[in-house]
Amino acid sequence: MAKQILPYLKQCDWVILSLALAVAALGVAEIYSATQYELSESFYVKQIYFIILGLVVLALVVSLDYRLLSQQVPYIYLFAILSLLLVLFVAPAIHGTRGWIPLGAFKIQPAEFAKVAIVLTIARFLSENRTHFLTSAQILKACLLVGLPLGLILLQPDLGSAITMVPPLALGLVLGGLRRNWILAGALVATLITAAGWYSLKPYQKERVYTFLEPERDPRGQGYQAMQSRIAMGSGGLLGKGVTQGSQTALGFLPERHTDFIFSVVGEELGFFGSFTILAFYFVIIMRSIRIAQTARDKLGVFLALGAVSVLFFHILVNVGMVVGLAPITGIPLPLLSYGGSSMLSTFILLGLIMNVGMRRYIY
Amino acid sequence: MQLRDFYKDKETVQARIPILQVSVILGFLLLLGGLWKVQILRHSHYAALAQQNQIRSIRWVAPRGKILDRYGRPLANNRRSYTLSVTRKDLPELESSLDLLTQGLQFEPDFLRTQIEKQRRRPRFLPLVLKEDAGIDDISFIEAHRQELPAIQVVPHPIRNYPETEVAAHLLGYVTEISEFQLESGIFGDIAKPGDIVGQKGVERVYDHILRGVDGEKTVRVDSRGREIETIEMVPPQAGNNLRLTIDIDIQRAAEKAFGDKAGAAVAVDPRTGEVLCLLSRPAFDPNSFATRISRQKWDQLLLDPRKPMQNRAIQSRFPPGSVFKIFLAVAGLQEGILTPTHTEYCTGGTRIYGRRFACWKKGGHGRVNLHRAIVSSCNVFFYRLGRKLGIEKIAVHAKAMGLGYKTGIDLLGENPGIIPSPEWKRRIYNANWYPGETISVAIGQGAVSLTPIQLARALGGLGLGGVYNVPHVVPAAERHRAGKQLPAAFKPDPPLEPRTVRLVSQGLWGVVNQYGTGRRAAVQGFDVCGKTGTAQVIGRESRERLKSDGEPFQDNAWFVGFAPRDLPEIAAAVFVEEGGSGGASAAPVLQAMFQVYFDKHKKKQPQDGRRSEQITFSLPSERAN
């Protein structure tokens with residue numbers, strides 16, 4: 001038994017795992033700092049539970065051959081769609097949107113798990129293509145597969161989560177054999193859709209975009225978050241104020257400081273040094289994951305790893321971009337760092353898929 | 001074959017992976033650039049902004065000016081109140097002592113928990129308020145348990161206090177935090193800020209700019225836990241100015257006491273100046289209950305109370321004057337020359353005018369009455385016929401010449417102009433023609449005629465003075481000028497009242513109180529009180545009889561108006577009692593109480609004036625005509 005497991009453990013990418021755990025541990029410290037004056041809610045303790053749970057799930061994902069997993073894709077996809085439908089009918093509306101299904105002491109966010117389902121679905125779909133290029137029928141089918149859950153998430157409405165469905169699709173299509181002309185046409189269509197989408201945005205969503213372009217426009221309202229986030233980051237300077245010492249964080253100027261804006265807390269308390277380090281960790285995780293995709297044994301493995309990477313990279317890009325003022329404010333969490341069980345679990349599942357592919361590249 | 005395909009299979013994707021690698025590198029470089037810009041290049045800019053975030057301005061509430069009566073006795077002042085609060089850092093400690101606090105500060109169980117829960121969403125640098133307006137018992141409890149309790153801050157601040165509670169509540173008004181609407185509409189000036197305490201209603205409202213001080217500010221720097229670490233600037237508050245009123249609290253108290261539980265209003269003015277000596281409205285409210293946060297329930301209770309305690313009946317409500325209006329009919333008759341002192345009518349208990357029978361209140365009739373007797377015994381028939389002779393137009397002209405049917409211009413808000421009806425008025429309001437029979441009703445103060453107590457007090461005083469109608473006001477001229485508050489000019493009718501008119505009507509009113517009239521209960525020994533009762537039917541007599549048979553007694557509204565002394569009056573008043581029955585029984589004693597206090601204060605020490613009693617006998621000959 002041990003002899004069978006040992007080769008796998010040797011092939012396991014311990015670098016990715018330890019970097020991920022390091023980021024998550026730092027997240028716990030910063031969540032503690034950000035919520036230290038909250039009454040009777042210990043977010044950081046819960047986050048530790050989420051991490052432990054995440055490791056257990058990661059171990060499970062890693063232990064199953066991804067090819068066996070991909071055979072279950074139809075069921076996984078169906079389950080994701082059903083849970084998204086359930087959200088629309090069952091979940092209570094909070095601030096006009098519904099995204100969480102209450103389950104005992106916890107709230108589950110099906111959109112997070114739908115991301116995993118999409119990565120698996122795309123990978124399976126593209127891996128079944130035996131030619132160099134994709135036909136238009138295949139492209140349409142892929143778009144429909146992603147469009148269904150995306151539409152359901154938009155109905156919640158949760159624009160941020162919905163957008164995260166696009167990168168695995170786009171990346172999958174581009175790398176999976178989209179002809180060059182198609183890529184150019186796709187870029188054009190995407191531009192048009194963006195323009196058309198602008199008119200269908202809700203006023204508060206438009207306001208977010210305006211505010212992003214010009215935060216001083218409304219420093220007390222929508223621009224408030226953007227301004228306070230930058231003040232927290234900027235006042236951290238090179239070395240930061242030290243964990244639990246951030247005045248912006250402690251005085252509660254920063255909204256959503258333990259979830260979407262946790263990176264601001266890092267920036268304030270650990271400075272450029274800290275935020276650079278976190279960014280570097282992410283960079284290594286992403287680059288190593290791409291390397292795993294490059295050396296994957298089969299097409300399924302390639303697309304699984306790439307899909308997972310695209311989701312993680314997109315989250316990091318948009319969240320950190322938002323915090324430093326390069327992207328508009330969307331409710332997208334930072335993987336491993338933001339407080340939240342659903343996000344933590346889905347991140348560990350994605351990492352598990354990547355490591356799974358990596359472990360089995362030489363084993364036939 | 002299969003194996004070759006296997007790799008060929010991945011060729012496209014393998015070839016394109018570098019695109020992704022480059023994108024990732026570019027993306028991270030972009031983020032790094034963003035970090036560099038915010039954290040390194042613009043560090044000092046954001047650090048300065050963060051510093052600003054740590055600066056707190058704490059309001060230092062200015063005490064409001066006192067409101068004093070004419071002798072400087074306080075009607076509204078401030079009392080020291082304490083707010084108990086804790087900073088957020090002490091929350092965990094507070095959690096463990098909730099039970100002790102609940103017991104010590106005498107809260108309902110779970111009140112504190114919900115109170116804290118409510119404030120959780122507020123910005124975290126604000127302290128959590130545990131109790132507003134804490135008493136001395138609370139403070140001593142906190143002091144005694146310093147060891148067991150977290151650091152509870154005890155912050156003193158002034159709270160408006162009305163030592164007389166309900167007395168003169170409508171006159172004084174009350175204070176509350178400025179409302180969103182008031183803030184936006186700018187009615188309290190540009191300097192008004194959210195959280196300001198401003199006057200609502202009454203003197204507090206009208207003279208708010210005098211009474212309100214300028215709040216000071218303490219600017220402090222706090223550390224990351226919200227604790228004050230340094231005081232940067234202290235701007236002490238400027239207290240508001242005190243405001244002296246024309247009110248005599250002794251007269252006010254006497255009127256309130258005499259009023260009992262009835263609803264209604266009483267106003268007393270000095271006709272020589274227009275100074276209001278007393279202004280009350282019943283039922284009243286306790287303005288103290290607004291000074292601390294009034295509960296929703298209590299507020300609804302006040303607003304929805306069918307007895308309308310928030311309504312200032314002395315100036316905001318109009319009522320049919322009943323027989324009080326006969327005074328003005330007599331004035332009109334004399335001024336027009338239609339009426340002479342020797343003219344008589346014969347009252348058989350009713351009269352037929354325009355084919356309809358109009359009853360006198362005395363079923364047996366008054367017999368032959370002249371003007372004096374008609375006023376003293378309030379004979380309806382006499383005034384029905386006078387009214388018919390005068391016609392509605394002339395009645396209206398003379399009533400309006402005495403300021404009736406117009407706002408008096410008193411320095412309080414929400415005054416009602418009352419109604420002096422005329423054919424023109426009826427056309428405008430109801431688009432209907434005036435019926436001659438309506439004139440007859442108006443002649444005895446029924447029908448559409450409707451007046452406010454303040455109007456009647458002024459009209460009576462003005463009549464007694466010979467036709468000078470000063471604008472009633474509650475703040476003396478000197479202070480009012482300082483407040484920049486203008487009053488309308490005093491009112492002088494044109495043509496002026498003839499001295500004979502004034503003398504004859506005054507004599508009649510004197511008789512009402514001092515002879516066999518209906519106003520005996522208004523008499524003040526040695527103070528020639530002149531007055532007139534009024535009883536205004538709330539509903540017609542027939543329906544009243546019907547209601548009575550159902551066992552539900554239905555009372556009329558009662559009036560008493562008057563002035564004293566008869567020559568050169570110094571005080572004039574109007575008393576209105578809702579469902580008071582007859583004016584002589586319920587309203588006259590209130591006027592008597594006010595005049596008695598005035599008399600005791602200003603007149604008693606003077607030796608009795610012999611000439612005055614002579615004049616009394618002199619007025620008696622009018623009775624001979626009877």
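## Crossing of helices H5 and H7 in chain A

In this predicted model, the crossing of H5(A) and H7(A) is left-handed, a label given when the near helix is turned anticlockwise from the far one by less than a right angle. The contact is formed by Ala80(A), Ile81(A), Leu84(A), Leu85(A) and Leu88(A) on the H5(A) side and by Leu148(A), Pro149(A), Leu152(A) and Ile153(A) on the H7(A) side, where two residues are in contact if their C-beta atoms, placed from the backbone, lie within 7 Å.

The axes of H5(A), residues 73–90, and H7(A), residues 136–154, come within 9 Å and cross at roughly 15°, the axes being lines fitted to C-alpha atoms over the stretch in contact, with angles from 0 to 180 degrees between N-to-C directions. The two helices are therefore roughly parallel to each other, a term for angles under 35 degrees. Helices here are DSSP runs (H or I, at least four residues), numbered from the N terminus.

Leu82(A), which lies in helix H5 of chain A, counts as exposed, with 11 C-beta neighbours inside 10 Å (exposed means 12 or fewer other C-beta atoms within 10 Å, buried 20 or more, and partly exposed in between). Leu82(A) and Pro110(A) are 28 residues apart in sequence, and their C-alpha atoms are 9.5 Å apart in space.

Leu69(A), found in helix H4 (residues 66–71) of chain A, is partly exposed, with 19 other C-beta atoms within 10 Å.

## Helix H15 of chain A

Of the 26 residues of H15(A), 25 are buried, so this helix is largely enclosed by the rest of the structure. Just after H15(A), Gly325(A) takes a positive phi of about 90°.

## Confidence and conventions

The model scores ipTM 0.90 and pTM 0.62. Chain B averages a pLDDT of 81, with 87% of the residues at 70 or above, pLDDT being the predictor's confidence in each residue, from 0 to 100. Over residues 1–6 of chain B the pLDDT is below 50, and this stretch has one contact beyond near neighbours in sequence. Where pLDDT is low, the predicted coordinates should not be read in detail.

Residues are numbered from 1 along each chain as its sequence is written, while chains are lettered from A and ligands numbered from 1 in the order in which they are written. Local features need pLDDT of at least 70 and side-chain atom pairs count only at pLDDT 80 or more, whereas totals for chains, interfaces and linings use all residues.

Technical notes:
Parallel < 35°, antiparallel > 145°, perpendicular 65-115°, else oblique.
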